[in-house]
Amino acid sequence: MLLAAEGIRMNSTMDDMNLIQQAQRHHLVVRELGEEIDLEIGRADDDPSFANTPIMGGRPREPSAEENDEVKNMMASSQFSNEEQDVSKTQPVKRKKKVVKRWREEWADTYKWAFVDVKEGTARIFCSVCKEYGRKHRRNPYGNEGSRNMQMSALEEHNNSLLHKEALRLQMASKDKIVVDKTIYVKAGSIIEAALKRDPHELEFIQSVQEAVHALDRVIAKNSHYVNIMERLLEPERMLVFRVPWVDDRGETHVNRGFRVHFNQALGPCRGGIRFHPSMNLSIAKFLGFGQTLKNALSPYRLGGAAGGSDFDPKGKTENEIMRFCQSFMNEIYRYLGPDKDLPSEEMGVGTREMGYLLGQYRRLAGHFQGSFTGPRIFWSGSSLRTEATGYGLVFFVQLMLADMNKEIKGLRCAVSGSGKITMHVLEKLIAYGALPITVSDSKGYLVDEDGFDYMKISFLRDIKAQQRSLRDYSKTYARSKYYDEAKPWSERCDVAFPCGYQNEIDQSDAITLVNSGCRILVEGSNMPCTPEAVEILKKANVLIAPAIAAGAGGVVAGELELNHECNLLNWSPEDFESKLQEAMKQIYQRALKAASDFGYQKESPEALVHGAVISAFLTIAQAMSDQGCV
């Protein structure tokens, strides 16, 4: 009987040690709150053996030698004191232990939306469904609470939820010098919570909102009035969703879905791209429109933001099919366009050809020509670098960053993703300044040329893309190059990275690979190219990030220059146009740094430009919205 009692005590001790280690791994501390957040490991009856099972899956961890010695010492010290106790007291007693319950898959989808709040002075994670925390928080509406057959634990759901990551961010920010009232963070968190409740399935838009709210922490800390401004800003002024019927060359009818989001016009008429891609949806249109609103506000011009497009795929379509689709698309939105309303521009899947078809149908329907589109070069008598402006602007921006570090871009190895217009123009300007661009990519893999690209190679790449061939054909001509299937270019040794493909193309593992490859600067050529986890990795490694809303503003600048009456009359040369573009990019860079400095971010900080750009753009929009009242 004594041996049985000792065995029970040893199991109990091991259970408690496992629970302590679990608590140490998963408890959080929120800035200025100083309290631990209960991650809902509640008390409940369960099988004693369940406490020893791993929380997140995988094989159970064997106790270390030190832990075994500690357990033996505890048993030896308690052996004599327990000999005189009544034997009946050593009978096994069903204990209540802290356990993590398994949740069914259908409940997990609802459960993961949670929010951080303060109750009786203690930070808690609340369920957005039942508005409770602790054990009540984990009440399963489908019954069978505590079943070991459930597929996902409450702790896993919290760790995977967006709002749990918000709590993690608050913990990481606890060392910041600026001290704020804790209620401010509850209000800032409510912005994200409101967006989650309104549009829970719009993942891209929610991610862009999170990044912006995080960048505005210190702004909201100084003036809580900006919370209301942000809540209004996050709801677009107008969202158009419509069908786009069209007929192919065989006479068969097809239907696609079209989108146009006028996000905010407080500063002026909308500017924003049109994207034709199979993945296009309302969430992407909203996230692009929100980013464009910030980008336009950061530019030297007073412009609103918009975005749109369709899930139509131009690849594999004939010229006539693309023309008929563009005409059908314009039939629905032409009444919302114009120089004082909305001026669409090129985006993914939309180039000079598509913009020409769209403009022609607009002119036909509106009955006049006002030059209200940016893109089709044949209609402009002035600027000649419209399509190159975004790619060139990215290189100009990184030059400004390097100049502040007393470095130059000449000789630096540059990894570039994508193979579209922006990528090709980035390659051109990198070569012009003596850098060594070594990679491009497409949806099936990436191409690396250890000798670096030159103008002749870029021309060959353009021919390959124009003929819709694979980048693999490049390696058949140049022996020092190689194409890697189902891979990304971030494993190649580089000093500067230019992600110019699509949103979230760099995830956490890619960021780790990029850091290990020697990258010190990342220039966002595409909108939101990094996942939140990747951004955290890059920040911890002190990789400087040039945000898309600042570095990618070259297209906005060029669009305004080519619409400018003076520009069209003077017929600027490419050199004059490039000089104007460089000056505009310098103004944007300085505005972002100044805003970052005003709110306590050091120039050398990896988040200075990211946060400074958002802060500067938001304050400009917020002032206009305040002046115009609640409209």
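Predicted model: local features only at pLDDT ≥ 70, side-chain atom pairs only at ≥ 80, totals over all residues.
Two strands count as paired if DSSP finds at least two bridges between them.

Strand S12 spans residues 304–310. Strand S10 (residues 253–264) pairs with S12 in the antiparallel sense, over 6 bridges. Within that pairing, Gly 258 stands opposite Ser 310 of S12. Strand S11 (residues 270–276) also pairs with S12, but here the strands run parallel and 5 bridges join them. Arg 271 faces Gly 305 of S12 across this pairing. The chain gets from S11 to S12 by way of helix H11, and the β-α-β crossover is right-handed.

How much of S12 is covered? Of its 7 residues, 7 are buried. In a regular strand, side chains alternate between the two faces of the sheet. Both faces of S12 are covered. One side carries Gly 304, Ala 306, Gly 308 and Ser 310, and the other carries Gly 305, Ala 307 and Gly 309.

Now turn to the connecting helix. H11 covers residues 282–298 and includes Gln 292. Is Gln 292 buried or exposed? Its relative accessibility is 15%, so Gln 292 counts as buried; the cut-off for buried is under 20%. Beyond its sequence neighbours up to four places away, Gln 292 touches Arg 271, Gly 272, Gly 305, Ala 306 and Val 556.

Next come the aromatic rings. The count comes to 19 aromatic pairs. One of them joins Phe 276 and Phe 312: the ring centres are 6.0 Å apart and the planes stand at 90 degrees, so the pair is edge-to-face. Phe 276 lies in S11 and Phe 312 in the loop between S12 and H12, so the pair ties together parts that are 36 residues apart in sequence. Phe 276 has 2% relative accessibility and counts as buried. Phe 312, at 1%, counts as buried too.

A second pair is formed by Phe 397 and Tyr 589. Their centres are 5.4 Å apart and their planes at 85 degrees, so this pair is edge-to-face. Phe 397 belongs to helix H14 (residues 389–404) and Tyr 589 to helix H23 (residues 574–598), so the pair ties together parts 192 residues apart in sequence. Both residues are buried.

Phe 276 and Phe 312 also belong to one aromatic cluster, together with Phe 242, Trp 246, Phe 325 and Phe 329. Charge meets ring here as well. Lys 317 lies over the face of Phe 312, at 5.2 Å from the ring centre. Elsewhere, the charged end of Lys 429 sits over the ring of Tyr 392, 4.3 Å from its centre.

Helix H12 comes next, at residues 319–333, and Ser 328 has its place there. Ser 328 counts as buried because its relative accessibility is 12%. Apart from neighbours within four places in sequence, Ser 328 is in contact with Val 244 and Pro 245.

The last stop is an open sheet. Its 3 strands lie in the order S16-S17-S18, with antiparallel pairing. Why do two strands stand at the edges? S16 (439–442) and S18 (481–485) each have a single partner strand, so one side of each is left without a neighbour in the sheet. The twist averages 15 degrees from one strand to the next. S16 is joined to S17 (residues 445–449) by 4 bridges. In this pairing, Thr 439 stands opposite Val 448 of S17.

Definitions and conventions: Residues numbered from 1 in each chain as written. Heavy atoms only, no water. Buried < 20%, exposed > 50% of the residue type's maximum accessible area, 1.4 Å probe, protein only. Contact = heavy atoms within 4.5 Å. Axes fitted to C-alpha atoms, helices over the stretch in contact; angles between N-to-C directions. Right-handed = clockwise from strand over helix to strand, strands pointing away. Phe/Tyr/Trp six-rings, centres within 6.5 Å; stacked < 30°, edge-to-face > 60°. Lys NZ or Arg CZ within 6 Å of the ring centre and 35° of its normal.
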